Amino acid sequence: MLNQNQTPLIDALKACINRPHAPFYTPGHKRGAGISPLLTDLIGKDVFRADLTELAELDNLFKPESVILAAQELAAEAFGAEKTWFLVNGSTCGIEAAILATCRMGEKIILPRNVHSSVISGLILSGAIPIFINPEYDQELDIAHSITPEALKAGLIQHPDTKAVLIVYPTYHGVCGDLPEFVHLTHQYNIPLIVDEAHGAHFHFHSDLPISALSAGADLTVQSIHKTLGAMTQASMLHIQGKIIDIDRVNKALQLVQSTSPSFILLASLDAARQQMAIHGKKLMFQTLELGKAARIQINQIPGLFTPLSPKEKSQGFIDLDKTRLTVNVSKLGFTGFEAEDILNDKFNVTPEFSSWQNITFIISLGNTKTDIQNLIKSLKNLNNINPLIPQNLLYKYKNDHTNNIISISPREAFFANSEILSFEKTQNRICAEIICPYPPGIPVLMPGELITKSALEYLQEIQKMGGFITGCADSSLQTLKVVKT
């Protein structure tokens, strides 16, 4: 057992900060001396003293031998992994590295259609061929869940040459699929299960939360420590266990997608977040769960509002729920989620994580307080006193069939193909050459290599009309789209 009170990276950083010396190394601001006063007025001077390069005392991220290695070993033990890598380019680089480490050009990977855009980047970089499975979908609530074990089993039978399976766990709404069964199925074929656990870094630290991916037996999992725990934005971890995935391939893949100039401030925040959870995680998660419970009870007492997801409403694509993730349905008040989000943010200073057609979703974490919950409840009660801009009977009723888009060529082939720009209305039945997705949550509606369908075009137009934000496309106004040139 390691001493989880230790913080080797933070200790080394402190020593470097306090050692008097003349800095003739990067970064150019030289421990803050050259930083613009505009920035020091904003965030102070001390943080720049810790913005150091890979000095001998601070170790090397690509070949750690001292304090980074020690910090990663402590993290592996705390999160239940055999080996852990710190990520400074977010979970995005971890997902990309996972695909690069398991799939070569032209090899198949099974994954749900509601993957994050970082997965598409991994497909483009690797040249892997996606075998998409549609997740279970609740059309009444406009919420996608997980794929089902039956769907995965069918996919593996149809594509026995698959090299890896990637699962989103939990979804952006906090819904968890049957991960132990996914592990069982993939291991029957001796292929690895990769888990995009970006929003589930806290699962390991309380028994009332869903089972963590590693505890369920997953081979590799990527976690955004910054999303639900106490690390800084971008700071993430990649964990591995078992013998199915070649660790050397993971190391080499990470060298392709990680910065060679890692931020030691981000690395130190991972060290601190790990120590915090290893020592106080159970208490912090208990407090967070209590805040979520109190919010749910009070919201369900507000006329016209309800929380549509409950751990009791289990299905094959909905085995468990992260109870720190709070989704509120506002459709009975006549609002779209987009409109409700704007009202809460602009009028009541309450800012959700994201919105969709009918719902707004909030992340409750160890950083929230009882006062935050009180302000949330107060703002939601005030929605009753505001008239929606769009009458309920005019709301677009979206049929979730854009996820049946046909992959005509691989994402990599489409990305590197010659392309042309066409007016939006002329792109139907053409092959998309760019990633187009509402963000958050960053789930592509269209991706390189997919045939552009009428329903996908209508969905994008309606999202924009209702106030959603579209990213990934060169023309954010959606007047034009980039397609593969024929």
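This is a predicted model: local features need pLDDT of at least 70, side-chain atom pairs count only at pLDDT 80 or more; totals for chains, interfaces and linings use all residues.
On helix α7, the exposed residues I157 and Q158 sit on the face turned away from the buried side of the helix. Helix α7 covers residues 149-158, and its buried residues are P149, L152, G155 and L156. These four span an arc of only 125 degrees around the axis, which places them on the same side of α7. An α-helix has 3.6 residues a turn, so residues three or four places apart point the same way. As for what the buried residues of α7 pack against, the partners are the strands β2 (108-112), β3 (129-133) and β6 (164-168), together with helix α8 (179-188).

Strands β2, β3 and β6 lead on to the sheet that contains them. Seven strands make up this open sheet, arranged in the order β1-β10-β9-β8-β6-β2-β3, with mixed pairing. The edge positions belong to β1 (83-87) and β3; each has a single partner strand, so one side of each is left without a neighbour in the sheet. From one strand to the next, the twist averages 20 degrees. Helix α11 (residues 247-257) packs on this sheet, where it touches β1, β9 and β10, and the direction of α11 makes about 5 degrees with that of β1. Between β9 and β10 the pairing is antiparallel and runs over four bridges. Within this arrangement, T221 stands opposite H239 of β10.

Q223 belongs to strand β9, which comprises residues 220-223. With a relative accessibility of 3%, Q223 falls below the 20% cut-off and therefore counts as buried. Apart from residues up to four places away in sequence, Q223 touches F79, S91, E197, A198, G200, A201, S236, M237 and H239. By contrast, N114 lies 17 Å from Q223, C-alpha to C-alpha, and the two are 109 residues apart in sequence.

S236, one of the residues touched by Q223, is found in strand β10 (residues 236-240). Its relative accessible area is 0%, so S236 is buried. A polar atom of the S236 side chain lies 3.1 Å from the backbone nitrogen of S91. When neighbours within four places in sequence are set aside, the contacts of S236 include W85, F86 and L87, as well as G90 and S91. Also among the contacts of S236 are Q223, S224, I225, H226 and L270.

Strand β14 (residues 359-363) runs antiparallel to β12, and five bridges join the two. One of the bridge pairs is formed by R325 and its partner I363 in β14.

Note on methods:
Residues are numbered from 1 along each chain as its sequence is written. Side-chain values use heavy atoms; hydrogens and water are left out. Buried means under 20% relative accessible area, exposed over 50%, partly exposed in between (1.4 Å probe, protein chains only). The arc is that of the directions from the helix axis to the C-beta atoms. Contact means heavy atoms within 4.5 Å. A polar contact is a pair of N or O atoms within 3.5 Å; within protein, one must be able to donate a hydrogen and the other to accept it, and residues adjacent in sequence count only if both atoms are side-chain atoms. Two strands pair if DSSP finds at least two bridges between them. Axes are lines fitted to C-alpha atoms, for helices over the stretch in contact, and angles run from 0 to 180 degrees between N-to-C directions.
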